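Q: Please take a close look at one helix of this protein and its surroundings. Then place that part in the rest of the model.

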Amino acid sequence: MAWVSDDGRHESYLLPEFLDGCLGGTSSSGGVWATVDAHGAAIPYSDWQRRDRGEIVGWVLRCDERAGADGQLALEPAQTVELGRWRRAPSPAAHDPGGGWVYAVDDDAVFVDELPDVAAVIEAIVDVHIEKTASRARVRAAAAASRAASEALGEAVRSARLAGWSWTAIGSDVGITRQSARERWRHLDAAPSVGDEPS
Ligand SMILES: [Zn+2]
């Protein structure tokens, strides 16, 4: 099971973790295989190792980040981040998905994210992760808009100066003092026109 965000930028999924630190994936034959080594690197397909479900000691929630630096969606994830970890609880009484413990018999251990209470905890974590990423993207977008607006204002001031308007008039339009306007945009004045007020 995987959780893909509406914009396709995030694909989150749970991988079983084995006793030796390798992470698993499933194959169409229904077996469980070690597909990621203990250092987090993907194991080549030809080297996948078949594992026993009894070797599963926990689970790792990962997210593939598909948004590239240019804001486009990348075919291959730009990076993969870890969002959470659970240990395999020794008994049903120790089952506490919100506290990091999941109890699962061997038959359930591979697809433990299909247990409703585990899925609910994962979905909450994924939602927080997506909003956290989106909030940063909003700062970048607002900063870009702010820069564009600042450039547009500078251009408008430059043309107003060329048309002969005083720093007093321009400052009044912007909502700042004549002095502040002059200090901020004086460099835009190519050549002060005759009859301009003294600097
Ligand atoms: Zn993500």
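A: D173 lies in helix α3, where helices (H or I, at least four residues) and strands (E, at least two) are DSSP runs numbered from the N terminus. Residues are numbered from 1 along each chain as its sequence is written. The model is predicted, with local features needing pLDDT of at least 70, side-chain atom pairs counting only at pLDDT 80 or more, and totals for chains, interfaces and linings using all residues.

D173 is partly exposed, because 14 other C-beta atoms lie within 10 Å. The classes are buried at 20 or more other C-beta atoms within 10 Å, exposed at 12 or fewer, and partly exposed in between, with C-beta atoms placed from the backbone. Between D173 and L162, eleven residues apart along the chain, the C-alpha separation is 16 Å.

Helix α3 (residues 167–174) packs against helix α4 (residues 178–185) at an angle of about 95°, and the axes are 8 Å apart. Axes here are lines fitted to C-alpha atoms, for helices over the stretch in contact, and angles run from 0 to 180 degrees between N-to-C directions. The angle therefore makes α3 roughly perpendicular to α4; angles under 35 degrees count as roughly parallel, over 145 as roughly antiparallel, 65 to 115 as roughly perpendicular and the rest as oblique. On the α3 side the contact uses W167, T168, I170, G171 and V174, and on the α4 side R178, S180, A181 and R182. A contact requires C-beta atoms, placed from the backbone, within 7 Å. By class, four nonpolar, three polar and two charged residues take part. Nonpolar covers Ala, Val, Leu, Ile, Met, Phe, Trp, Tyr, Cys and Pro, charged covers Asp, Glu, Lys and Arg, and the others, Gly among them, are polar.

The largest nonpolar core has 22 residues, of which L14, W59, V102, V112 and I122 touch the most other members. Such a core is a set of buried Ala, Val, Leu, Ile, Met, Phe, Trp, Tyr and Cys residues joined through C-beta atoms within 7 Å. Two or more residues each come from β2 (10–18), β4 (32–36), β6 (56–65) and α2 (116–162), and α2 gives the largest share, four residues. Leaving out residues up to four places away in sequence, V102 touches W59, W86, R88, A89, H95, P97, V112 and V118.

Technical notes: Contact = placed C-beta atoms within 7 Å.
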